[in-house]
Amino acid sequence: MRWILGRIGLFAVTCAVLLAVNRVVTDNIRVDIVSLLVLCGLYATLAVSLNLINGITGQFSIGHAGFYAVGAYVGGAWTMLMRPALEKSLPILHTGTQIGDHLNLLIALVLGTVCAGLTGLLVGLPSLRLRGDYLAIVTLGFGEVIRIVILNTDAVGGPRGFTPITELVNNHGIPLFWVYGLLVVVVLFSRNLLKSAQGLKFLAVREDEIAADAMGVNTTKVKVTAFVIGSAFAGAAGVLYAHCQTGITPDSFDMNTSIIITTMVVLGGTGSISGSLLAGMVLTALPELLRNDFIKEYRMVIFSTLLVVFMLTRPQGIFGHREIALPRFLRRLGKKGESTP
Amino acid sequence: MQEFVQNLIYGVETGAIYALIALGYTMVYGVLRLINFAHGDVYMIGAFVGFFACTQWLPFKDLSQHPEAATLNVLLAIVTLFLAMLICALLGIVIERFAYRPLRNGFRNADAHFWGFVAALPLTAFVGAMTTTKRQGAFLAVGVIVGFALRPAMAYLSKKIKPSSSRLNALITAIGVSLVLENGGINVFGADPKFIPDILPKRQISLLGIEFDSSRVVILIVAAVLMATLRYIVLYTRPGKAMRAISHDIDAAKLMGINTDRVIAFTFALGASLAGAGGFMVAAFTNIKVVPLFGLQPGLKAFVAAVLGGAGNIPGAALGGLIMGVVESLVASKYPQWRDAVAFILLIVILLVRPAGLLGKNTAEKV
Amino acid sequence: MKLRRQSFLLGAVLFGALLGGYGCKDKAESPSGGGSGDKPGTKTETTTESKGNSVTGDTIKIGEYGSMTGDNSTFGISTDRGIKLAIEEANAAGGIQGKKIELVSEDDASKAEQAKTVVQKLVSSDKVVAVIGEVASSRSMMAAPICQGAKVPMVSPSSTNPEVTRKGDYIFRVCFTDDFQAVVAAQFAFDQGFKNVAIFTDVKSDYSKAFGELFGKKFKSLGGKIASEPTYQSGDVDFKAQLATIKGSNPDAVLIPGYYTEVGTIARQAREVGVSIPLIGGDGWESDQLVPGAGTALEGCFFTNHYFVHDGTVEPHVQKFLDAFSKAYPGKKPGALDALGYDAARVIIEGLRKAKTLDSVALRDAIADTKDYQGISGKITLDKERNARKEALVLKIAGKEFKPFKTYKPEQVGL
């Protein structure tokens, strides 16, 4: 039983730290930096969740923005359309109070996650028949279809977007807490999956699908599971995105977004959780940090040239299949310190 | 019925352009199993070559003021068509040489130099823009020197690099090249829309109540001629034969003494020139706006068309392009907002029924 | 070991549960200021109300965001010319209370998302006291909540969608709204004898959609008929299918309330498809790229606009503006957007002169009081809705030129 207590303690501490950081940061740092941090967290979440599909299970999905969009719009629809109707009978849902805001966000998260997961199931099914590039193009197609369906749904604003879902966010310092909370959950989930017996099945599918099938792995189930989990997390990120922006438009979830997320996974090292995490953060922050007067105009071309060069010079990504783990890193540092007198 | 036939004809017009671009995708996919995402941007470059040729490089005359210049303009347009094809073919070769060949054969010194130069260009362009235009040449030279300076670092790195066979990797490289072309286009050409002036005489042809525009007919004819030429090259010439051999089995082709690198470069040049011709014709004859993202949507559609017909299959690409154009046009006449979605829905449905595309061969995976 | 692995998984679940629990736990603790959070009137202490930005140092910073690049780049560039001119003039005249005005320009690349990002930067990082922008209503509406939240007044030079200034009391505009412009277009179409009009709207733009709806309403109330209402999306290049629908419905004229980037192509394809009736548009057509894009296809068509440079005699303050403009930008003729950009900047500068203190909250009140200000594009009085009430022009396209055709005052169309 000790470990349960230990875990609870650990998570309580994590929560407290996140909360404290959140309070301090949102009260003292400029809005644009907070919103950049939020974006970094969200893209890291997206990259790690896509890594579940592309890296760990070896599938080839390049339509992740579709699930992100489903989450964002379902979450937005809850807050903007359904909540106001329910609020009358359930005063607890009233926004502007701490509990109301957090509860609403939680409900939106659950709804967005479930819907995105179901969409993932829908998209995951063709993966049973298709491989490689063909699967890639179908996922890309699904992503675009989702976007166009949203574009033509007038209830959520159609092409002009769904604005604004601000009332939750600007009042309290919610964004960082939830975004980084979600990131921690996704990272821990992926890591634990990799270390579990279940995770070995995912890896087996990646390494050799036919062999895995022969060894008795239910490859169908594994692939669909990967799609569902990956897209559910993307949906959760979408919900948070919708609530941290002044508004969402279908254009935020176009093919480019999908491609950027895929790039993060590949650049970080396909299969490496820490790689995806880091690449997600860096690739989001880099174009914004380049936004200074000196290279403002050329930032995107520099960014894309770097991408090509990086792909050519380090095809396996930053970390390859490897991970960086903080404890091991510290241990190694310690050892080095001992060996050099 | 009349409206249906009319829309059918519009669909064939659009489809012919999709087919022209799709051929480039499918040929590259055939020999390399690579989705050349930068292909749509080559199409964009074709349109820009057309724009600059029509407004600056060549002595085109504005037809609304000089109606007698029609013959001259037609001749010049033919020159521009070949110019666009040539420049795009060169671009295709450069892309293949410095972006995709390093993926296959490893990162060499020359690649290091090239990318060093490209990486230094924005910097020189930035400094160059601040000074007089005369001195930009000097700054370009600085770019070359910076490229040389970066060379040892790149060369050091390149020793540690193993060629990658990962599909994802190739895809991201292709996407990266596409982004370089698009963003570079924004820097070089500017993102504001540009329009090619009226250079060709246009006539409205009315046949049984169906409207034709002469320029669209020209696009159709030129596209058909180009496709027929391509078919001849692939089927009846030596490089075409080599292409087919590589597409069948690249290693065996190498063993038979085929210079695969050269043939692959040739394939890229061929595909890119078709795209360039398409880009110029669309920009010049339909006068739609020319922007650096000109090729994004058509490129994607053409790619879908290539997959639809069976990636790697040349008649398949032409068929896929035509089907896409016609279906889009028919859907757009009733539900314009679903035009883009229908392309993908069609793709998904067809791939679920025939996973290798319409004309593609379904190969069973062996253990 | 197995237990340990599972413990991680369980741990993750527990963490999730804790995350959920935080909401409830926090509720019990946070309204420590007094009473329960459900009671009205008790704001929780974490709510940080913005106090607005105030001027520090020797310069007064005014922010500008616009589409300097991207699809509608001529919008941003024209507006920017006007704004810069106004600010240079004000600085040459000694600035405000001895302080120079500094313009911080940001490019949103014609993208709504970017507009939000750059405005966030302007108000929180550059600490500007006022923001000028945008031309396109969709982008103005994306950025307006940020300015409202930060209590920084935003003056839009030419966003005409009525919703823009409804985003809050810190959002102003110096142009008329589509409530008026669309009605003028409808009245004009009716006066020209068009009884059956097709409306071709861009569903991607707030401006276009509102324009089309308001036009249709007014036109029907005048006794006209709407033949058909197909749609397109900005960025499309092929409009023939929709134009064939329009042709089938046999209208007398087509209203295209879009932006110049598509209008040229639409006009060309309309002629190809055999639609040879006049096309009517709004101020989104105003661009020197309109005619190059359309060739001869727009000959004899009409669009409503804010302002036009008259060749004849003009009022002295307009003449002064024309002189200054031709001096600052040789060879360029000011269009409506240049004039509106100039007016927007002038309204802010006048506001700064009148403001009691140099901060964004006082500036808002001063701007809201703007009355009978002699702008280049007409006399500007900001009403309670923070909109300007001005007259509208109808221009006719003849060759490569725009020619003034008719003028409508608000009273003339029953407003």
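1. In this predicted model, helix α4 of chain C covers residues 137-150, which is 14 residues. From the first C-alpha to the last, α4(C) reaches 20 Å, close to the 20 Å expected at 1.5 Å a residue.

2. C:Lys151 comes after α4(C) and has a positive phi, near 55°.

3. Domain 1 of chain C takes in 59-176 + 313-382, and domain 2 takes in 179-305 + 394-413. Between the C-alpha centres of the two domains the distance is 28 Å. Each side supplies residues to the contact: 16 from domain 1 of chain C and 16 from domain 2 of chain C. On the side of domain 1 that touches domain 2, the elements giving two or more residues are α4 and α11 (336-354) of chain C. The largest share of that side, three residues, comes from α4(C). By class, the side of domain 1 that touches domain 2 has six nonpolar, eight polar and two charged residues.

4. The chain averages a pLDDT of 80, and 87% of the residues score at least 70. Over residues 1-48 of chain C, however, pLDDT stays under 50. For that stretch the model has 65 contacts beyond four places in sequence. The model as a whole scores ipTM 0.83 and pTM 0.83.

5. Chain C also meets chain B, in a contact that takes 29 residues from chain C and 23 residues from chain B. The elements of chain C that give two or more residues to the side touching chain B are α2 (73-92), β9 (231-232), α7 (240-248), α8 (260-273) and α9 (290-294). That side of chain C holds eight nonpolar, 16 polar and five charged residues.

6. The contact between chains B and A draws 46 residues from chain B and 37 residues from chain A. On the side of chain B that touches chain A, at least two residues each come from α3 (70-105), α4 (109-130), α5 (136-159), α6 (167-189), α11 (296-309) and α13 (339-353) of chain B. Of these, α6(B) gives the most, with 13 residues. The residues on this side of chain B divide into 32 nonpolar, 10 polar and four charged.

7. Chain A is made up, in its secondary structure, of 13 helices and zero strands. Buried residues account for 58% of its 341 residues. Among the contacts in chain A between residues at least 6 apart in sequence, 81% join residues at least 24 apart.

8. Chain B has 13 helices and two strands. Of its 367 residues, 55% are buried. Where contacts in chain B have a separation of 6 or more, residues 24 or more positions apart account for 79% of them.

9. Helix α7 of chain B (residues 214-236) has 23 residues, so at 1.5 Å a residue it should span 33 Å; the end C-alpha atoms are 33 Å apart, which agrees. Buried residues in α7(B) include B:Ser215, B:Arg216, B:Ile219 and B:Ala223. B:Leu226, B:Met227, B:Leu230 and B:Val234 of α7(B) are buried as well. The cover over the buried residues of α7(B) includes α1, β2 (210-213), α8 (238-248), α10 (260-286) and α12 (314-334) of chain B.

10. One residue of α1(B) may be examined individually. B:Leu8 lies in helix α1 of chain B, which runs over residues 2-32. B:Leu8 is classed as partly exposed because 15 other C-beta atoms lie within 10 Å, a count between the limits of 12 or fewer for exposed and 20 or more for buried. From B:Leu8 to B:Gly271 the separation is 263 residues in sequence and 27 Å in space, C-alpha to C-alpha.

Notes. Residues are numbered from 1 along each chain as its sequence is written. Chains are lettered from A and ligands numbered from 1 in the order in which they are written. This is a predicted model: local features need pLDDT of at least 70, side-chain atom pairs count only at pLDDT 80 or more; totals for chains, interfaces and linings use all residues. pLDDT is the predictor's confidence in each residue, from 0 to 100. Two residues are in contact if their C-beta atoms, placed from the backbone, lie within 7 Å. Helices (H or I, at least four residues) and strands (E, at least two) are DSSP runs, numbered from the N terminus. Ala, Val, Leu, Ile, Met, Phe, Trp, Tyr, Cys and Pro count as nonpolar, Asp, Glu, Lys and Arg as charged, and the others, Gly among them, as polar. The expected span of a helix is 1.5 Å times one less than its number of residues. Domain bounds come from an automatic or database domain assignment.
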